[in-house]
Amino acid sequence: MSKKHIIVDPITRIEGHLRIEAVIDENNKIVDAFSSSTMFRGIETILKGRDPRDCGLMAMRICGVCTGTHYQRSIEAVEDAFDITIPKNARLVRNLIQGALYVHDHLVHFYHLHALDFVDVVAATKADPYKTAAEAAKWAHVAGVAPFTSDPNEFKLIQERIVKFVKEGRLGIFGNGYWGNDHYELTPEQNLIGVAHYLKALDIQRDMAKMQAIFGGKNPHPQSIVVGGVTCVQDIKNPARIALFKQLLKDSTEFVKRAYLPDVYMAGTMYAEEATDADATYKGVGGTGGGILSYMSYGDFRLDDTGFYKAETLFPSGLVLDGDITKVLEVDQEKITEDVTHAWYEGTGAPEHPYEGTTIPKFTGMEKKEDGYSYLKTDEKYSWIKSPLYDGKKVEVGPLARMVIGYVKGDKRITKYVGNFLKRANLPVTVLFSTVGRTAARAIETELMCDVMMEWTDELAKNAAMGDLSTWTEFDFDNVSVDTKGVGLAEAPRGSLGHWVKVKDGKVENYQAVVPSTWNAGPRGPNGELGAYEASLIGTKVANPEEPLEIIRTIHSFDPCIACAVHVVDTKGKELAVYKVDPTCAF
């Protein structure tokens, strides 16, 4: 049997540096895949010896995209260690900052990172602007709304710009796309809709970022969350600030409901054959990109003030394993471990719980081939990402996991939004187990988040109007920080995020963060268990091995977020440079 080796490095339109190696058979079907982060972070090591109250400000530097969620998880880990319950206003403000991050992140991901895996920009030059307007109205009708863009002249102007760029060879950021690939399925008119909304989303996402800054102080890297609560008292007591947040939320919701959702209905329908192709899956269920079919959510967005891990949450916690949608298991953080068998770190020889985990780099290099390319040593260590396990199992995290768990658990709100989407799209629930389903789940979650944030905004305004301006819970640091530990378990836009901290005599003794892309992008486990990225590629049919569109489409559906560097390779897998970084470095 003839097999080919494909290297995609770096995967672009993501945060960080990611390499995918795939093996395809004579029918261009992927039979094996390996996911490798080629860049090192090491933030956990920097936090040792610090005042735990300062950890949030440094931990958020793990990433330049989902900064606020690392900030909040770190703060909450310390609050858990100190047994602090924050006031209602602080809970609502944190929910709104985090919710704004979700909406902003999901929108930017779909249009500016992922849409071009479905949308052929050059094919939009062949569209009829009047037919495009009718097509936009058609998909908006499916979503039960009026189209966000309905003027044929507006579509015509956008098309003229694209035609001009194509003729002059000035496609810019669109220049290296696999335009014309056989696995692009949209019509010219549908492609023009996608390009038009791509451009519109550039404006809309700025307003979403402003929402985070209203209560967070700035974006990225908000400043208003502290151990015990929040500091934005003046913003809470000022009705004009809350009104501004609400107006920006309304404007954002309009785009989500009238552009984002219709576009996902359109893509989901046009790529339905791919999304239901069980022959192109790892486990024979769902469609292309389905993967390991095991999902986990820690739960997030507290809806009452009963304290850590006791409150009802918007997203329920739980596990759905091996595609069994008849039951949900409860999450026990004691069963979470990280393995380094295939990761460039030293370890104890067995998976470690984060409280005891270490971050000691051990780069063992890549394998040189005679053709001048560097290949991963896939039987050994091959990634800067560790391999997280839940009770010895690999799981997927993210919007799809949250929607699947909420749906199976019978959560009323999630069941309503997921059920509504599937009914309008005329698709079975198993379509969620695919690249398309993962993308649809993110859009469903965005609509849900927009609606519930309106409720939280009104709740905050009402509470402040009644005279409650409490934002912080007092605590005696000298007393609570002697010898303790805590964990901040919740959800980031990309999935389950946990920060674990051990404190001794007022200083951080050990710190570990297990991030969503660690769960999803991690390499093989100790017994060869495939990570979520790796499993999602098995069975995928590639139209042209020289244009790995299908690989990029599936990997993008996870919204990868991989940060910081020591090892650099070029786009063809050739080694450029290796840098030695002292892991004990400090700010």
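Helices, in the sense used here, are DSSP runs of H or I with at least four residues, numbered from the N terminus. Helix 12 is followed by Asn 426, whose phi is positive, near 55°. The model is predicted.

**Helix 12**

- Helix 12 runs over residues 412-425, and its 14 residues should span 20 Å at 1.5 Å a residue; the end C-alpha atoms are 20 Å apart, which agrees.
- Seen down the helix axis, the buried residues of helix 12 fall within an arc of 125°, so they line one face.
- The buried residues of helix 12 are Ile 414, Tyr 417, Val 418, Phe 421, Leu 422 and Ala 425.
- These buried residues pack against helix 9 (239-270), strand 8 (313-315), helix 11 (399-409) and helix 13.
- On the face turned away from the buried side, helix 12 carries the exposed residues Lys 412, Lys 416 and Lys 423.
- At the N-terminal end, helix 12 is capped by Asp 411, which has a side-chain oxygen 3.2 Å from the backbone nitrogen of Arg 413.

**Nonpolar cores**

- The largest nonpolar core has 126 residues.
- Within this core, the residues with the most contacts are Phe 215, Tyr 295, Phe 315, Met 449, Met 453 and Trp 456.
- Helix 13 gives the most to this core, with 14 residues.
- Leaving out residues up to four places away in sequence, Trp 456 touches Leu 92, Asn 95, Leu 96, Phe 301, Leu 303, Leu 314 and Met 449.
- There is also a second, separate core of 25 residues, which includes Val 8, Ile 20, Ala 22 and Ile 24.

**Aromatic pairs**

- The count of aromatic pairs comes to 25.
- One of them joins Phe 215 and Phe 245, with 5.3 Å centre to centre and 45° between the planes; this pair is tilted.
- Phe 215 lies in helix 7 (residues 188-216) and Phe 245 in helix 9, so their pairing ties together parts that are 30 residues apart in sequence.
- Phe 215 and Phe 245 are both buried.
- One aromatic cluster is formed by Phe 110, Tyr 111, Phe 148, Phe 255 and Tyr 260.

**Arg 438**

- Arg 438 lies in helix 13, which covers residues 435-465.
- With a relative accessible area of 2%, Arg 438 is buried, because buried means under 20%.
- Apart from neighbours within four places in sequence, Arg 438 is in contact with Gly 289, Gly 290, Glu 396, Leu 400, Leu 432, Thr 554, Ser 557 and Phe 558.
- Gly 289 is 149 residues from Arg 438 along the chain, and the two C-alpha atoms are separated by 8.6 Å.

**Ala 137**

- Ala 137 is found in helix 5 (residues 129-143).
- The relative accessibility of Ala 137 is 34%, so Ala 137 counts as partly exposed.
- Ala 137 and Val 8 are 129 residues apart along the chain, and their C-alpha atoms are separated by 38 Å.

Definitions and conventions. Residues are numbered from 1 along each chain as its sequence is written. This is a predicted model: local features need pLDDT of at least 70, side-chain atom pairs count only at pLDDT 80 or more; totals for chains, interfaces and linings use all residues. Side-chain values use heavy atoms; hydrogens and water are left out. Helices (H or I, at least four residues) and strands (E, at least two) are DSSP runs, numbered from the N terminus. Buried means under 20% relative accessible area, exposed over 50%, partly exposed in between (1.4 Å probe, protein chains only). Contact means heavy atoms within 4.5 Å. The expected span of a helix is 1.5 Å times one less than its number of residues. The arc is that of the directions from the helix axis to the C-beta atoms. A polar contact is a pair of N or O atoms within 3.5 Å; within protein, one must be able to donate a hydrogen and the other to accept it, and residues adjacent in sequence count only if both atoms are side-chain atoms. A nonpolar core is a set of buried Ala, Val, Leu, Ile, Met, Phe, Trp, Tyr and Cys residues joined through side-chain atoms within 4.5 Å. Rings of Phe, Tyr and Trp (its six-membered ring) pair if their centres lie within 6.5 Å; planes under 30 degrees apart count as stacked, over 60 as edge-to-face and the rest as tilted.
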